[in-house]
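Welcome, and thanks for having your viewer open. Let's take a short walk from selection to selection.

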Amino acid sequence: MDTPAPHIDPARLNGHRLVPLATALLDAEGVVLHWSEDAERLLGWSAEEIVGQVAAPLLTTDRLRGMALGLYEQVLGGRRWSGVFPVRHKDGHEVRLELHTYGISGPGGRPLVLATGSDVRAVQQVEANLAVLDGFFSQSPIGLAVYDTELRFVRLNEALARFNGLPLADHLGRRINAVLPGINALEVEAVMRHVLDTGEPVLDARSHGRTPGDPGHDHAWSASYFRLADPAGRVLGVSSSIIDVTERFQAEARAARAQERLTLLAEATARIGTTLDMQRTAEELVAAVIPRFADFATVDLLDPILQGEEPAVLAPDQGVLLRAVAAGEAFEDALTAAADAIGETTAYESSRMYTKSLRSGRTLYVPHMDEQKLRTIAGRQERVEPALAAGLHSYLLVPLLARGMVLGGAEFIRSRNPEPFGEADVALAEELVARTAVSIDNARLYRRERDTALTLQRSLLPQEIHRTLGLEIAYRYLPSSVVSEVGGDWFDVVPLSCGRVALVVGDVMGHGIRAAATMGQLRTVARTLATLDMPPAQVLARLDETANGIGEGQFATCVCAVYDPVDRSCTVASAGHLPPVVLGPSGDARVLDTPPGVPLGVGGPVFENTEFRLPEGGILALYTDGLVERRDADIDEGIELLRATLAERGRTLEAHSDAVISALVRDGTEDDVAMIMARALPLPRDRIATLPLTGEGPIPAAARRFTRSTLTSWNLTPLADFAELLVSELVTNALVHGGEPLRLRLFRDRTLTLAVGDTGRQQPRLRPAGSEDEGGRGMYLVNELAHRWGSRPTKDGKVVWAELELPLGS
């Protein structure tokens, strides 16, 4: 049952009466029996002063007293009197009061007179105010309404009734949702309830919807609300003023949509093309438009483009083969099931509207889709009905064009969003797709160039690491997963004479094809220099000359190590490279203290060799900075982590390599990683034989006997004759030109090496010998018989060596 609405007294404001109403009660003799507070406020006499006194002498002047007494007698006689009469104030001035008098019977039938009065000027002011208020209510073009505490209409003006399209009477006593069911009445009443509860006025509260006055169009209104209360604070209701802001609302909505499109364009521009990856770029477009622009979107690229072919002009009679590379949906509808799965290809005939749009390069715009139109577009007819059933009602296809060539198409679909695509949406879609197409084309060109660079880089790296006697080798090469270009890191394992091996790791500063090409040149030169039996420091000095000759600004770091498996000696030199890490057989890992040197390409540096012994089972690790360097950590921390990882015992060399990569290489590595690990192994007894060239008797004869005996035990008898002759010449040459011979060493690996060490420093050379000369022909003979020969300096002097190719099957 509804509670009656409290009466709203228009004569009350701010806790006081606008028109004080004085009351007095007099007996037959005119003595005052009751005197109200309003009477005291109007005439100045307090109840204590006037009750019990005869009223006439106090309240009337001598001039009007007789008239007042006459009227008083008439009222006592039973006649009511009303009118305006001057009454004297306590201070002497006259107050014109509108009086109403009534004769009443008191206890025991005693005649009494009740008088009420109001200040005439105040009454006139209230009447004027009410007239103004009524005029404002009736004449204002703004809708005005008053609601009670139950939010029912108490009063409203004609302007509001016209807004609503209903008579005034149809509003009174009813709530908004009953009068106007087509607007957001619940939201409006929630605002009004807040005003009732808190007393806080609300300005520019928006409402929208349709009214009986214009049921075919949406309107919007702006309303302001404030609470009504009586002087005692009792809440009486809510008042509102309402204006129609439909045009402004529509303009704001258009501006908001335009701003939203600009925001979408700005955000999409920032997120599309962040990588040089075609599929990722397509996915970024889809992510940018869903759900703010479309409910469903796909990107399909021409299959030949994805296969690395160049885009070509589509012939009029040529169909297209498209591969889905990205798709996204705002809602779990059936549209995804009705579209191609990622990676799936669809052939479109030349007559399809899809194909025609790609061929022309113009957008296919269907604001209101139906089955007939969709059948002319879709590549597979069995998907038409599921798409329509999922709510597809508006469609855009924008060709992906770059440099005038078609790369594919991007589709945008609305299903849940009831608003069809408009011309502004078409312009936005075309702008987004154009930017996407440029990024996809750049990614395509980059991939082609990167594939070329990677092919070049891979061709410059070692294609096969030959097994080295006395040394187990493991290596890793990981290209950067962040930097889009190829790098200049390289490594190499170079077999040397007498079973020795050179390990080289380098890093050209920068990325790209130029860095890869520089890397290839330096690697080739380093390999060539190492095979010339140059010590590592000399190899780096020549490499520095090469780097300077390549071009300005081409710098590289490099570390070169030469290992001799016979005595397990290792010589290392560095050109600005990170120090090697050495792991002992007992598990103690240390960073090798080597002079760092300066990078190759600086020009004129002096590099130093560092020699140490790598014991059996020991490991030498060479690496580039991509393994240990991170933006968020000091490089020494990375080197320490490498050392600690290697220090764990019980792993194979490959397991050590895997452990290092797992510990130090993170997802998103910013540089290439190159690493070589080498473990010293024991030499087999049937691979090396050494004869000290000391003692009594002919040394060459002893050397020949030792050579034949050794080769016989190694089942290399077919080489014995040539080997004896070469050993005889090398030993004789050492005796004649090299000072004291030290040792003869036979080494069997991929070839048979015959090496003679002596104390001389002069390197052997071919020199012309006359027909009558008794000597000078020994090195000519060595040059003719040996597969190859050479010499290298040692601590004690030098070693001259010659190689013979092994028989097949040896």
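In which helix is the place of T281? Select residues 278–289 and you have the answer: this is helix α10, and T281 sits in it. Keep in mind as you look around that this is a predicted model.

**Stop one: T281**

Now show what surrounds the residue. Leaving out residues up to four places away in sequence, T281 touches I272, G273 and T275, and also T436, S439 and I440.

**Stop two: α17 and α18**

Next, select residues 513–531 for helix α17 and residues 536–550 for helix α18. At what angle do the two axes cross? The crossing is at roughly 150°, and the axes come within 10 Å. An angle over 145 degrees counts as roughly antiparallel, so α17 and α18 are roughly antiparallel. The crossing is right-handed.

To see the contact itself, show side chains on both helices. From α17, pick T518, Q521, L522, V525, A526, L529 and A530; their partners in α18 are V539, R542, L543, T546, A547 and I550. Colour this contact by class and you will find nine nonpolar residues, three polar and one charged.

**Stop three: α21 and α22**

Move on to residues 699–713, helix α21, and residues 720–737, helix α22. Here the axes come within 9 Å and cross at roughly 150°. These two helices are therefore roughly antiparallel to each other, and the crossing of α21 and α22 is right-handed.

Which residues of α21 meet α22? On the α21 side, select I699, P700, A703, R704, T707, R708 and L711. Facing them from α22 are A720, D721, A723, E724, V727, S728, V731, T732 and L735. By class, the contact of α21 with α22 holds nine nonpolar, three polar and four charged residues.

**Last stop: confidence**

Finally, colour the chain by pLDDT. The average is 83, and 88% of the residues score at least 70. Then select residues 1–17, where the pLDDT is below 50; this stretch has 26 contacts in the model beyond near neighbours in sequence. Residues 770–774 also have a pLDDT below 50, with two contacts beyond near neighbours in sequence. Where pLDDT is low, predicted coordinates should not be read in detail.

Key: Residues numbered from 1 in each chain as written. Predicted model: local features only at pLDDT ≥ 70, side-chain atom pairs only at ≥ 80, totals over all residues. Heavy atoms only, no water. pLDDT = per-residue confidence, 0-100. Contact = heavy atoms within 4.5 Å. Axes fitted to C-alpha atoms, helices over the stretch in contact; angles between N-to-C directions. Helix = DSSP H or I, 4+ residues; strand = E, 2+ residues; numbered from the N terminus. Parallel < 35°, antiparallel > 145°, perpendicular 65-115°, else oblique. Left-handed = near helix turned anticlockwise from the far one by under 90°. Nonpolar A, V, L, I, M, F, W, Y, C, P; charged D, E, K, R; others polar.
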